[in-house]
Amino acid sequence: MGLLWGNGRSEVPPTPAERIVLKKFHSARYLHALKTAAAGRWTAEALDMGIGTGDCPVFAGMYDYSVLACGATLTGANLILSGAADVAFNPSGGFHHAGPERASGFCYINDVALACIILAEQGKRVLYLDVDVHFGDGVAYAFYDRPDVMTISFHENPRVLFPGTGFEDEIGTGRGKGYCVNVPLPVGTYDQAYMKAFKAIALPLIGAYNPDLFIFELGADALAGDPLAHLYLTNNVYVEIIDHLLSFNKPILATGGGGYNIDNTVRAWVLAWSIFAGADIDRDINPTFGGTMFESTDWQGGLRDRALVVSEPQRETVMPAVEAVIETIKANIFCLHGL
Ligand SMILES: [Zn+2]
């Protein structure tokens, strides 16, 4: 689509993350187990750390792939740190479930936690925003007691979805209290309900926190039709969120994440990149053609989803639940930020 070059855009080859960098988050024992399992020596100790489970199978090239995917995110972080880029996007990143000594939820190396660490080390106030349908537990818990990285995760109610944590009362501890923000959303959450929560929670907190930059985990598994989850969003939500982020005029390091309806995921990420890159084809064309001609969930062309029909019962169950979550978060966290 010609979106990777021209107008200040470029495709930058990633360098694999160095072991010394990986050790800023992962233990040496875990990295060793991951590497040796990838080389065919899989131990009970590795299994104990989640390596070789159903979600995190051992496969050929596993270690090199994970390290290169992580390296791509860190390449983006370095482009932003050096001032060479305002926005960097690694669709092969966003492995937010990996723990210091744990492979989890299809994630082996936590590139986004590492990017937060590296940018915070350089004195940056980091705002980590996670819109993957699953709670970004590996990142949230990595900074649970730290105020220099604020994590905000919008996800489906963990009572019904992996990883089973990420409730609104998990708000951080010690100096980090109030810097971990979880927005669990009910099954069937649709665009307007989602954006109501985003505007009521994320926008005021971002304003109060005043970050130097954003790390944005853009999992596409919150879209309607994802086979692993139960939210009901269209990709127009991502456009709206990106527009809000861009309006803060801060650098953005974006990554992919989950997304198991492949067509919808690809389209959402291309759309996201087109907005970041200032090459929003649909937006340019739409006024001429009067609106929705190029918008279709069934993909008749264009990148945007068509608006989905929301039933009355769905509205009546989802909106009050979302409003209750908003009120709880306001009560628990806003006062800690003078809001
Ligand atoms: Zn996910």
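This is a predicted model, in which local features need pLDDT of at least 70, side-chain atom pairs count only at pLDDT 80 or more, and totals for chains, interfaces and linings use all residues. Residues are numbered from 1 along each chain as its sequence is written, and side-chain values use heavy atoms, with hydrogens and water left out.

**Exercise 1. Describe how helix α4 packs against helix α5.**

Step 1: Find the helices. Helices are DSSP runs of H or I with at least four residues, strands are runs of E with at least two, and both are numbered from the N terminus. Here α4 covers residues 62–81 and α5 covers residues 111–121.

Step 2: Compare the axes, which are lines fitted to C-alpha atoms over the stretch in contact, with angles from 0 to 180 degrees between N-to-C directions. The two axes come within 9 Å and cross at roughly 25°.

Step 3: Classify the angle. Under 35 degrees counts as roughly parallel, over 145 as roughly antiparallel, 65 to 115 as roughly perpendicular and the rest as oblique. Therefore α4 and α5 are roughly parallel to each other.

Step 4: List the contacts (heavy atoms within 4.5 Å). From α4, the residues C70, T73, L74, A77 and L81 meet D111, L114, A115, I118 and L119 of α5.

**Exercise 2. How many residues of α5 are buried?**

Step 1: Recall the cut-offs: buried means under 20% relative accessible area, exposed over 50%, and partly exposed in between (1.4 Å probe, protein chains only).

Step 2: Count. Ten of the eleven residues in α5 are buried, including V112, C116 and I117.

**Exercise 3. Which residues are the protein donors of the zinc ion?**

Step 1: Search for donors, meaning N, O and S atoms within 2.8 Å of the metal (3.2 Å for Na, K and Ca); water is not among the atoms, so sites may look incomplete. The search gives D132 (OD), H134 (ND1) and D221 (OD), at 1.9 to 2.1 Å from the zinc ion.

Step 2: Read their spacing along the chain, which is D-x1-H-x86-D.

Step 3: Check burial. H134 is buried at 7% relative accessible area, and D221 is buried at 1%.
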